[in-house]
Amino acid sequence: MSSATPSRSPSTLRSLQSLPAKIFHWVNVVSLTIMLMSGLQIYNANPVFGGREGWHFPPFLLLGGWLAGGRHWHFAAMGIFSLNLLWYGLYILATRRWRHRFVGSNDLRALQIGKNPKRKIYAWHRIVYTAIIPILLLAIFTGIGMYKPAQFPWIVDCFGDWFALRVVHFATVPLVFLFAIVHSLLALKAGGERLVNSMFWDEML
C-alpha cells in the first residue's frame, strides 16, 4: 500500500483572494492607467514644473489627443476609480475584512518585540495598506478641486493657490506607484507568487 500523500485536485484548491478583490484590483489597474496617461496629456498642456516651456512627456505615454480630450478621459476614469474604492470599502466593512487589512496595535507590537520574521512582514504590509488610504483620498480631493474650482474654491484655498494644488496632486502619482511596488513585494514575501497572482486571477483555472 503506497504511503504517498495524494495531491489535492484543482477543484479542492481555494483562491487566496476573493472574486470582489480580483475585480477591485483589475478595475484599479485599468482606471489608474487611464488616469495616468490622460493626466500626462493634461500636464503637457501646462507643465507643473518649468511653465509651458518645461519638460514634456513623449506622445506614446499620452491619452486624449489634446487638453480637453485628456480631461474627459481623466475625470471619467477618476469617477470609476472613486466608485471602485467606495464599493470595496463597503465590502470590507460588511465582511469585517478590515480587521485583516489595516494596521492595529498588535502589528506595532510585532515590529517592536516580535521574533517571527513573517509576522513582521504582515505588519509592514498592513502599515503600507493603511498608509495608501489618505494618499488616495488626497488625490481624489485635489482632483475634484482642479476639476471644479468654481464650484469648490475652498479646496483650492486649502492649498493656498492653484499651482500648489497642482503640485500636491502631481505628487500623489509617484506615491501611488511606490505603494504598488512595495505592496507587491511584501505580498510576494508573505505568500509567494500564488498570493500575488491570486490578486488578479486563479492559477487553478
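What share of the contacts in the chain with a separation of 6 or more comes from residues 24 or more positions apart? Hello everyone, let's start with that one. Such residues account for 64% of those contacts. Please keep in mind throughout that this is a predicted model.

Now the overall picture. Of its 205 residues, 32% count as buried. The chain exposes about 12800 Å², and carbon and sulfur atoms supply 70% of that area.

Let me take you to helix H2, residues 67-94. With 28 residues at 1.5 Å each, H2 should span 40 Å, and because its end C-alpha atoms are 40 Å apart, the expectation and the model agree. Which residues of H2 are buried? The list runs Gly69, Gly70, His74, Phe75, Ala77, Met78, Phe81, Asn84, Tyr88, Tyr91 and Ile92. While you look at that spacing, remember that an α-helix has 3.6 residues a turn, so residues three or four places apart point the same way. After H2 comes arginine 96, and its phi is positive, near 60°.

Next, a helix pair. Two packed helices are described by the angle between their axes and the distance between the axes. For H1, residues 19-45, and H7, residues 162-197, the axes come within 12 Å and cross at roughly 145°. The crossing of H1 past H7 is left-handed. On the H1 side we have His25, Leu32, Leu36 and Tyr43, and they meet Arg166, Phe170, Val173, Val176, Phe177 and His183 of H7. Sorted by class, this contact has 7 nonpolar, 2 polar and 1 charged residues.

Let's stay with histidine 183, in helix H7. Is histidine 183 buried or exposed? Its relative accessibility is 9%, under the 20% cut-off, so histidine 183 counts as buried. Leaving out neighbours within four places in sequence, histidine 183 is in contact with His25, His125, Tyr129 and Met199.

My last stop is asparagine 44, back in helix H1. Asparagine 44 has 12% relative accessibility and therefore counts as buried too. What does asparagine 44 touch, not counting residues up to four places away in sequence? The answer is His56, Phe57 and Leu62. For phenylalanine 57 we also have a C-alpha separation: 6.6 Å from asparagine 44, with the two residues 13 apart along the chain.

Technical notes
Residues are numbered from 1 along each chain as its sequence is written. This is a predicted model: local features need pLDDT of at least 70, side-chain atom pairs count only at pLDDT 80 or more; totals for chains, interfaces and linings use all residues. Side-chain values use heavy atoms; hydrogens and water are left out. Helices (H or I, at least four residues) and strands (E, at least two) are DSSP runs, numbered from the N terminus. The expected span of a helix is 1.5 Å times one less than its number of residues. Buried means under 20% relative accessible area, exposed over 50%, partly exposed in between (1.4 Å probe, protein chains only). Contact means heavy atoms within 4.5 Å. Accessible areas come from the Shrake-Rupley method with a 1.4 Å probe; for residues, only the protein chains shown count as cover. Axes are lines fitted to C-alpha atoms, for helices over the stretch in contact, and angles run from 0 to 180 degrees between N-to-C directions. A crossing is left-handed if the near helix is turned anticlockwise from the far one by less than a right angle, and right-handed if clockwise. Ala, Val, Leu, Ile, Met, Phe, Trp, Tyr, Cys and Pro count as nonpolar, Asp, Glu, Lys and Arg as charged, and the others, Gly among them, as polar.
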